[in-house]
Amino acid sequence: MAEPVASVLDRFRMEADLTHGELWLRYFELGGMSTGFELEAILYGALAASPHDHDVIAHALNERFVELGGNHPVPYADEGNVSSNE
Amino acid sequence: MLDIEISQFDDEVVVRLFGEVASGTAAKFEAALQSLLERGHRSLILDLAQLEFINGAGLQMIIDCAGRCGIMGGSLTVRSPSLKLRRLLAIAGAGSLIRVEHSEAVAARLGPEQPPGQPGFSHRSTKGAPTPSEQFPMGLPADRRLVDSALRLVVTLATATVGGADGVSVSLRRHGVLSTVAASDDTISEMDADQYATGEGPCVDASIQGRWFHAEALSSETRWPDFTPRARGLGINAILSSPLVAQNKPVGALNIYSRSEGAFAPDDQELASVFAHQASNILTSACAGASSAEVAVRFASALRGREIVAQAQGVLMERFRLDEATAFSTLLRSSVWTDETMRQLAEGIVRSTVSVRAAGAPLLGGDSHG
């Protein structure tokens with residue numbers, strides 16, 4: 001059974017070794033409009049992210065992975081199957 | 001136009017600004033500061049005697065730079081700022097982050113310097129409010145001056161950023177008593193004080209109940225019969241109070257006041273909650289013993305980055321007639337292709353608005369990555 005996308009995002013966050021607060025700051029820096037609480041709700045799957053919001057979160061994580069020497073492992077909204085937390 | 005003159009005396013570097021720090025010149029100012037910091041200079045004097053104008057981004061750069069100087073064990077001194085800039089810096093925590101030096105003529109007019117923590121114009125706004133040396137909320141052993149200056153920074157940023165905001169304050173409950181820790185001006189302090197005095201109002205309710213209170217139009221407001229006429233008497237017609245939470249308990253409120261009814265659009269309400277959340281983070285980290293100055297500096301940097309990304313988006317929208325979402329995804333894709341962060345790319349684009357006219361430089365990609 002497919003795992004909800006949102007918990008995948010939170011797994012990426014843990015893999016990237018970011019606290020919720022640090023991810024929120026990075027997300028905010030890229031123009032994200034949700035509060036830290038809302039961001040956590042999205043990561044936990046309690047709140048659906050718009051495709052745009054998903055991309056901002058994904059990119060904040062991907063920039064972190066690039067810092068760690070990785071590529072861009074977190075898929076963006078137009079890369080399929082990531083548009084909401086169904 | 002902006003001219004920057006840099007001179008060095010022993011360990012101190014004096015940066016003189018001539019002209020304007022505005023959207024076309026802010027990048028030049030930032031680059032100059034950046035290069036000094038990268039070369040290890042940590043005691044800077046910014047001489048603003050010949051500065052004609054500085055925008056919000058420029059102000060943010062000064063605060064950001066002061067934070068970085070402080071972290072490196074140095075300091076930033078601002079020399080001969082205008083009255084307006086002095087006020088803004090005072091609210092933002094000039095007392096602890098930035099030293100202000102007046103020209104001789106101004107110093108003579110001002111008389112003796114204000115005591116630390118009570119910078120500049122705030123002599124009246126602190127009437128009846130606690131001084132920074134009083135207790136921290138819940139009597140916690142944090143560095144109160146840093147916390148207060150970080151909260152003042154939040155007030156400055158919220159005033160500058162939230163649409164419709166004519167004034168902003170932070171109220172904190174200390175040993176059961178609500179008081180104003182930071183306010184953008186005297187009217188706002190008075191507005192808070194009226195709520196403490198009547199024991200009612202959105203600020204009081206948000207502080208106690210830990211949830212939002214939005215008075216869209218005071219002319220039809222019925223929840224606070226004693227306070228509402230006083231607020232209207234001071235020219236205020238809309239209020240948005242967001243709760244501040246430390247260690248999961250409501251401890252105060254971030255209050256945004258407007259002279260216009262219905263001033264706060266949904267986006268502004270979201271932004272207000274973002275600022276309230278950030279102020280809560282500062283309080284929580286202060287409770288947990290983390291460095292609230294670091295949190296404040298990191299937040300200032302994130303806010304600056306956000307502004308640069310937004311500016312770059314604006315440039316792309318104008319140049320290529322894109323909508324906002326397409327401009328963002330263009331930036332995002334470029335960032336993925338080039339491995340540059342979105343902020344680095346955005347900085348390049350904003351810089352190019354100056355250089356593209358002069359040299360025909362490419363809009364995207366700047367000077368790196370093929």
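1. Contact here means heavy atoms within 4.5 Å, and in this predicted model the contact between the two chains draws 23 residues from chain B and 22 residues from chain A. The area buried between chain B and chain A is about 2100 Å², with carbon and sulfur atoms giving 68% of that area. On the side of chain B, the residues that lose the most area to chain A are His277(B), Arg298(B) and Arg306(B), which together account for 29% of what that side buries.

2. As for specific pairs, the rule finds one salt bridge across the interface of chain B and chain A, in which the side chains of Arg343(B) and Glu29(A) meet at 2.6 Å, N to O. Six residue pairs in polar contact are also found across this interface. Helices H9 (266–287), H10 (292–320), H11 (324–338) and H12 (342–359) of chain B each supply at least two residues of the side that touches chain A, and the largest share, eight residues, comes from H10(B). By residue class, that side of chain B divides into 10 nonpolar, seven polar and six charged residues.

3. Over all chains, the count of aromatic pairs comes to three. One of them is edge-to-face, because the rings of Phe12(A) and Phe65(A) have their planes at 80°, with centres 6.1 Å apart. This pair links helix H1 (residues 5–15) and helix H4 (residues 51–67) of chain A, its members being 53 residues apart, and both Phe12(A) and Phe65(A) are buried.

4. Phe213(B) and Trp224(B) also form an edge-to-face pair, 6.3 Å centre to centre with 65° between the planes. Phe213(B) lies in strand S9 (residues 213–215) of chain B and Trp224(B) in the loop between S9 and helix H8 (227–233), so the pair ties together parts that are 11 residues apart in sequence. Both Phe213(B) and Trp224(B) are buried.

Conventions. Residues numbered from 1 in each chain as written. Chains lettered and ligands numbered in written order. Predicted model: local features only at pLDDT ≥ 70, side-chain atom pairs only at ≥ 80, totals over all residues. Heavy atoms only, no water. Buried area = accessible area lost by both parts, 1.4 Å probe. Salt bridge = Lys/Arg side-chain N within 4 Å of Asp/Glu carboxyl O. Polar contact = N/O pair within 3.5 Å; in protein donor to acceptor, adjacent residues only side chain to side chain. Helix = DSSP H or I, 4+ residues; strand = E, 2+ residues; numbered from the N terminus. Nonpolar A, V, L, I, M, F, W, Y, C, P; charged D, E, K, R; others polar. Phe/Tyr/Trp six-rings, centres within 6.5 Å; stacked < 30°, edge-to-face > 60°. Buried < 20%, exposed > 50% of the residue type's maximum accessible area, 1.4 Å probe, protein only.
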